[in-house]
Amino acid sequence: MRISTPLRAFGPLAAAATAALLAVFLTPSAAHSAPRESRPVYSYDNAIRESVWVDTGLDGDGDGKSDRVAADIVRPREPAAKGRKVPVIMDASPYYSCCGRGNESQKKTYDASGHVVQMPLFYDNYFVPRGYAFVGVDLAGTDRSDGCVDVGGRSDIQSAKAVIDWLNGRARAYTTRTGTTRAKATWTNGATGMIGKSWDGTIANGVAATGVKGLKTIVPISAISSWYDYYFAKGAPLYDSGPDWLSNYVESPDARAKCAAVQHGLVDGAPRTGDWTPLWTERDYVKDAGKVRASVFLVHGMQDLNVRTKHLGQWWNALAQHGVKRKIWLSQTGHVDPFDYRRSPWVDTLHRWFDHELLGYDNGIDREPMADIERHPDQWVTSAAWPPRGTVTTTLRPGHGDRAGVGTLGLRSGTGTETFTDDPRLSETDWAARIDRSTPDKAGFVTPPLSKDLRISGSSTVTVTVTPTTSSAHLSAVLVDLGPDTIRDYADSAEGITTLTDRTCWGASTAGDSACFKVTQAKNTDVTSTVFSRGWADLGHHASDAKGVPLTPGRPYTITLDLAATDHVVPRGHRLALIVAGTDKDLIDPPSTTPTLTVDLSRTAARVPLVGGAAAFAGATSGATPATAAPTTPYGLRSPHRDHRVPDGR
């Protein structure tokens with residue numbers, strides 16, 4: 001239900017009236033056919049609100065008792081009264097009390113009896129009247145739960161998995177945190193869908209990777225697929241802190257007082273060297289993609305510099321290898337929820353997805369295009385498959401140009417070398433703005449102006465052979481669309497949206513839980529170049545992610561950088577560029593030395609997923625097309641802001 005004026009509570013009389021109207025408007029044939037859409041026929045105002053504490057079987061805080069996690073439940077009263085069981089939509093989060101959820105940072109609130117009054121976000125308001133239960137789970141160590149936060153590890157994942165086990169009759173729960181009165185989930189059929197943005201969506205990924213029975217679908221939004229890749233890129237540190245800082249950030253005061261041992265384990269298990277340790281293996285969900293039973297509706301901003309799109313690319317590919325049913329949305333935003341950049345289509349699509357996956361309605365969503373992609377701000381296209389059929393990984397090679405550091409990019413192998421010196425004061429936007437100038441800080445390689453559009457869809461890699469002058473070096477590789485455009489301002493603190501004061505309503509409201517949320521709109525900026533894929537590495541990890549080693553100055557090393565997944569069209573008249581450089585300011589930390597690096601062009605190449613493959617590239621670069629007119633003074637994004645990011649953290 002969408003209403004642009006204040007919404008009264010959805011009461012029993014309104015529910016009855018809605019049901020009567022539906023009966024009037026249904027044709028006789030439709031009234032007797034299988035349902036295709038759940039309708040808001042149940043009272044939200046009269047919904048059952050309760051809390052249970054589920055036994056996880058773990059003792060993370062070491063107090064000698066099994067940890068219990070709090071699960072707050074909002075469910076329609078009418079089905080239970082008639083003995084009908086309902087499916088569950090669940091969001092397991094560390095943010096319900098410390099930091100808030102969504103664009104308006106909503107937190108859970110409770111009445112005097114300890115029952116939830118405000119459940120953040122619109123999920124309960126919208127779906128409970130449609131015959132779903134909504135369950136908000138406090139991860140272990142947060143809010144009203146026992147245990148410790150272990151940042152994506154066994155405790156985090158078990159927090160949510162145990163609740164699914166309870167919903168399916170395989171685990172114990174209690175009516176209070178410390179009592180002995182058991183709670184049973186007799187009101188549900190156990191069919192569960194998990195949803196959440198960032199850390200919440202990460203938990204959905206991790207729980208799905210356990211293969212738990214009863215989890216039918218997950219909707220991970222801007223979610224992590226391997227925690228190592230949140231903190232490092234092939235040994236290059238992405239942040240100046242580790243998971244211990246994040247654990248301390250979200251833990252409840254009670255947990256913080258008990259969880260020193262877990263904190264020490266996070267420090268010891270995640271050394272700032274960037275080496276792969278058993279801690280990261282435990283938090284790598286990609287390796288367990290073969291266990292996933294649930295369908296996956298994946299959503300991500302292609303310019304997300306918090307949870308970078310390497311996470312979506314490697315998770316998507318692993319799920320595909322195991323035949324998991326998938327759907328995907330890709331926006332131009334940064335770390336933003338689709339409710340805040342494409343609200344009406346998002347609610348409609350999510351509604352139909354849950355109806356199909358949890359209620360079994362044949363509404364056709366499984367026969368629609370697999371991918372929705374934002375090509376320009378608020379302009380979306382679809383793709384029957386993603387990456388689209390006909391996408392071929394194509395090897396593009398750098399070559400010498402007529403000036404130092406300003407080379408060519410084509411299908412033929414280059415010869416010779418290019419040299420640059422790491423300058424941690426400069427970012428990828430600085431490199432792109434000076435792509436046609438010889439500068440000491442980067443090596444750039446550019447195609448001629450394209451005679452046809454060229455679409456890159458999927459994950460790229462760049463293999464470089466470089467010789468350093470010092471014992472340490474960090475590398476960056478970025479793909480750039482050179483040409484004027486209007487894009488979402490993802491480098492802004494709001495990452496591509498502006499929040500307005502008007503509200504729209506999505507579901508039913510009560511006095512303590514409004515379904516009305518502030519409207520947003522795209523925040524755009526004009527640019528002369530767009531970095532659309534990027535990757536980084538510590539050259540000391542050239543032989544293995546597991547262990548970095550000091551470099552020998554003057555010796556060549558070969559390493560492959562994994563670039564973030566994307567779907568981008570370089571238009572006719574624009575140019576495609578590959579830039580290889582050192583520290584990408586504010587996106588990776590600099591090395592301990594300031595190296596000069598010599599790139600061996602004959603042993604350097606980008607492998608890029610091109611729609612149409614090498615033939616498409618050859619066709620787009622062979623014509624004599626003038627470059628799209630651009631101002632002589634480049635303009636565009638500021639360098640991405642460097643905050644102490646957390647996975648969500650808006």
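Modeller: Let us start with a term we shall need: a cavity is a set of grid points where a 1.4 Å probe fits but cannot get out, and its lining residues have an atom within 4 Å of a point. Please keep in mind throughout that this is a predicted model.

Biologist: With that in hand, how many cavities of 30 Å³ or more does a search of the whole structure find?

Modeller: The search finds four of them. The largest has a volume of about 250 Å³, and of the 19 residues that line this largest cavity, Gly-102, Asn-103, Leu-121, Asp-337 and Asp-340 are the closest to its centre. Strands β9 (188–197) and β25 each supply at least two residues of that lining, which by class holds five nonpolar, four polar and ten charged residues.

Biologist: Which element gives the most to the lining of the second largest cavity?

Modeller: That element is β26, with three residues. The second largest cavity holds about 120 Å³ of space, and its lining includes Asp-229, Phe-232, Ala-233, Arg-534, Gly-535 and Trp-536. Two or more lining residues come from β11 (232–233) and from β26 (524–538), and the classes in this lining are five nonpolar, one polar and six charged.

Biologist: Let us turn to the cysteines. How should I read a disulfide, and how many disulfides does the count come to?

Modeller: In general, a disulfide is a covalent bond between the sulfur atoms of two cysteines. Here the count comes to three, and if the bonded cysteines of the protein chain are numbered in sequence order, the pairing reads 1-2, 3-4, 5-6. One of these disulfides joins Cys-98 to Cys-99, with an S to S distance of 2.1 Å; the torsion about its S-S bond is about -85°, so this disulfide is left-handed. Cys-98 itself is partly exposed, since its relative accessible area is 29%.

Biologist: What can be said of Cys-148 and Cys-259, and which parts of the chain does the pair link?

Modeller: Their sulfur atoms lie 2.0 Å apart in a disulfide, and the link of Cys-148 and Cys-259 is left-handed, with -85° about the S-S bond. The pair links distant parts of the chain, with Cys-148 in the loop between β7 (133–138) and α5 (154–167) and Cys-259 in the loop between α9 (253–258) and α10 (260–269), 111 residues apart. Because its relative accessible area is 2%, Cys-148 is buried, and Cys-259, at 1% relative accessibility, counts as buried too.

Biologist: Is the disulfide of Cys-505 and Cys-516 left-handed or right-handed?

Modeller: The torsion about its S-S bond is about 100°, so this disulfide is right-handed. Cys-505 lies in strand β24 (residues 497–506) and Cys-516 in strand β25 (residues 516–522), so the pair ties together parts that are eleven residues apart in sequence. The S to S distance in this pair is 1.9 Å. Cys-505 counts as buried at 1% relative accessibility, and Cys-516 is buried with a relative accessible area of 10%.

Biologist: How should I read the core, and which residues touch the most other members of the largest nonpolar core?

Modeller: As a general idea, in soluble globular proteins nonpolar side chains tend to be buried together. In this model the largest nonpolar core has 84 residues, and Trp-166, Met-194, Trp-199, Trp-227 and Trp-315 touch the most other members. Helix α5 gives the most to this core, with seven residues. A second, separate core of 38 residues includes Tyr-44, Ala-47, Phe-134 and Trp-346. To return to Trp-315, its contacts, leaving aside neighbours within four places in sequence, include Asn-205, Ala-209, Ser-225, Tyr-285 and Leu-298.

Biologist: Finally, the backbone. Which peptide bond is cis, and where does Ser-222 lie?

Modeller: The cis peptide bond runs from Trp-386 to Pro-387, with omega near -10°, and Pro-387 lies in the loop between β16 (379–383) and β17 (391–403). Ser-222 is in the loop between β10 (215–221) and α7 (228–231); although not a glycine, Ser-222 has a positive phi of about 50°, and at 0% relative accessibility Ser-222 counts as buried. Asp-586, also a residue other than glycine, has a positive phi near 70°, and is found in the loop between β29 (575–581) and β30 (596–600).

Definitions and conventions
Residues are numbered from 1 along each chain as its sequence is written. This is a predicted model: local features need pLDDT of at least 70, side-chain atom pairs count only at pLDDT 80 or more; totals for chains, interfaces and linings use all residues. Side-chain values use heavy atoms; hydrogens and water are left out. A disulfide is a pair of cysteine sulfur atoms within 2.5 Å. Buried means under 20% relative accessible area, exposed over 50%, partly exposed in between (1.4 Å probe, protein chains only). Helices (H or I, at least four residues) and strands (E, at least two) are DSSP runs, numbered from the N terminus. A nonpolar core is a set of buried Ala, Val, Leu, Ile, Met, Phe, Trp, Tyr and Cys residues joined through side-chain atoms within 4.5 Å. Contact means heavy atoms within 4.5 Å. On a 1 Å grid over the protein atoms alone, a cavity is a set of points where a 1.4 Å probe fits but cannot get out, and a pocket is an open set with protein on both sides within 12 Å along at least five of seven lines; lining residues have an atom within 4 Å of a point. Grid points are joined across faces, edges and corners, and a volume is the space filled by probe spheres set on the points. Ala, Val, Leu, Ile, Met, Phe, Trp, Tyr, Cys and Pro count as nonpolar, Asp, Glu, Lys and Arg as charged, and the others, Gly among them, as polar.
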